[in-house]
Amino acid sequence: MSTQLSSGALEAINDGQQIDKPVFQLLALKKLNPAASTNTTVDRYRIMLSDGVHNNTAMLAVQLNQMVADGQLEPNTVICLDRYVCNKLAGNRRVVIILELTVVAPGSQVGGKIGNPIALPLGGGGGSNGQQAPALQHTPQQPMRAGASPMGVAKANSFPGAGGSFNKQGNYGGAGPSTGMMSPPKQAQPISSLTPYQNRWTIKARVSNKSSVRTWSNSRGEGKLFSMDLCDQSGEIRATAFKEQCDKFYDLIEVGKVYFISRGTLKTANRQYTSITNDYEMTFNNDTTMVPCEEEDDSIPTMQFDFRTIGQLEDMNKDAILDVIGVVKSASDVTTITTKTTNRELTKRELHIIDDSSKVVTLTLWGNEAEKFDGTSNPVIAVKGARLSDFGGRSLSVLMSSTLMINPDIPRAHHLKGWYDTVGHTQDAQSISEQRMGAGAGANSNWLTLEEVYSQNLGQGEKPDYFTTKGTIIFMRKENSMYMACPSSECNKKVSDNGDGSYHCEKCGKDYPDFQYRLLLSANVADPTDTQWTTCFQETAETILGMKADELGRLKLEDEQAFNHVFEKASFESYVFRMRIKMESYNEEARLKCTCMSVKPIDVKEQSKKLIMDIRTLAAA
DNA sequence: CCCCCCCC
């Protein structure tokens, strides 16, 4: 294989020269041991690069870790550095951090080491420019942020200007009179090189997201804060400003703008709360300064994503915060919900997004973002920092701290749109969120036979289990299938007959002149493997019996034969049942209680689809 | 020093 390496490029880069898209051979890759003091969850890789003449170590930016996981960076692989930065270390030594790369030839094809490289001599190089101008950089549209910001739509562009609050040196922050120290520094170091072990540093970063000001009060005290996401070519970091710093900086920071930032406190990040790829996060302190960068610098990206495919979400933990991108296959209307604890009214909209893993997931938008969203023409949506929940299998929710972009101008978005328009829209894609439609054939609706429900010990845990099954009603208890219930809406408690034409509700503590019938039907469901008793309340029982509760109550009183006939007619009908099963105790006796949550007639087309999928899965296994 | 982010 004749692969040309960029001979001499390592030396030139180390001398501070700018080399566009050099081609190197990767000789070795090593996962670094995390520092003992950090509970890091992000792996870092050091690699040995060769240009055929010299070899030298380099670091892989963490956003490329997936390539290691995918086995794309085996030894001997020839790679092109599409984007990199070169950092100056002590002793004039420089280290290359690779930000984007393309595999030119896989290691297995190359076979062995090219040339006979020797270690690059240390201490050479007197170049003055610590940072290479990177190759072409995408500058996507500003993020749209409708929901969280008090400013409404397009938060990125709509903050009031900095209002001239920076002083005439262009400085802000820091104590005491201005000194020459505070003019915009010539040297900025990459965000990826920040650690808690140095305190004099300056970064040049774009603010990609900014929270609103929030107050807190707990046992440890109270205060206010806001946080922001910062990024440069090398990576990203989250920064938080508390109390005084919150007041000092909040109005001055505009999303989308580039700043020189120096002297914050770095601490280990808790990755549980953010999708920002960094082991550390920054807290502003008294010495922190932020200087706006006056000239626009296109080399600094507006946002860094670390997208998961929708297929990958199935293997991730609940509550993970992640970046996702997909084509909006469909969108629900806006609906209103009331929060449990605070009784606030909230609007939401559910999107079904698909990507080229051919999986669909439900993504919930809230508030303004839900209301403003336009799903016509199947836009691409990218979310930085969405939360994964396990509702209905797997689903996603946009948070206040998330950034949402519609049709972002990034390669992955263009790729997905092209994929969707050509093949994606025809795909028989499975949702990893439960479908509220059809036969509930979502991949995670936990389809089980009744024998499996038994053998898998469903309902034995602390929380109830849910399953979906196709079965036939073989018997129903006519007796006690309905009761006289409180007529007030939402009560539904059983009332007692006072014998004087009035009825007493224990729960409401009131007498009523009438009552309403409600259904509480015990049904025995059978499938080819087993049977299961289940309790069907009002709506499910009405579906099964094909009659409203009050009508059935009337029949019971007036026409026993017709009443009996309703049950005969309803027997031996088959449905798709959604069940909730849980161990409960009655009179100190534990027994499994199975409640029917929903019952749907069998949709032959949906069922067939599911069977075809099942066969495919079996065939693939 | 926050870390809540809603509903089925």
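Select Thr540 and show what surrounds it. Leaving aside neighbours within four places in sequence, Thr540 is in contact (heavy atoms within 4.5 Å) with Cys596, Met597, Ser598 and Val599. This is a predicted model: local features need pLDDT of at least 70, side-chain atom pairs count only at pLDDT 80 or more, and totals for chains, interfaces and linings use all residues. Residues are numbered from 1 along each chain as its sequence is written, chains are lettered from A in the order in which they are written, and side-chain values use heavy atoms, without hydrogens or water.

Now colour helix α10, residues 538–545, which holds Thr540. Helices (H or I, at least four residues) and strands (E, at least two) are DSSP runs, numbered from the N terminus.

Is Thr540 buried or exposed? Thr540 counts as buried because its relative accessibility is 7%. Buried means under 20% relative accessible area, exposed over 50%, partly exposed in between (1.4 Å probe, protein chains only).

Next, select Phe537. Its backbone oxygen lies 2.9 Å from a polar side-chain atom of Thr540.

Move to DNA strand B. It is surrounded by 26 residues (a heavy atom within 4 Å). The closest are Arg214, Arg238, Lys267, Lys348 and Met400.

Zoom in on the bases:

- Arg238: a side-chain N or O atom is 2.6 Å from a base nitrogen of DNA strand B.
- Lys348: a polar side-chain atom lies 2.2 Å from a base oxygen of DNA strand B.
- Lys243: a polar side-chain atom lies 3.3 Å from a base oxygen of DNA strand B.

Notes:
Polar contact = N/O pair within 3.5 Å; in protein donor to acceptor, adjacent residues only side chain to side chain.
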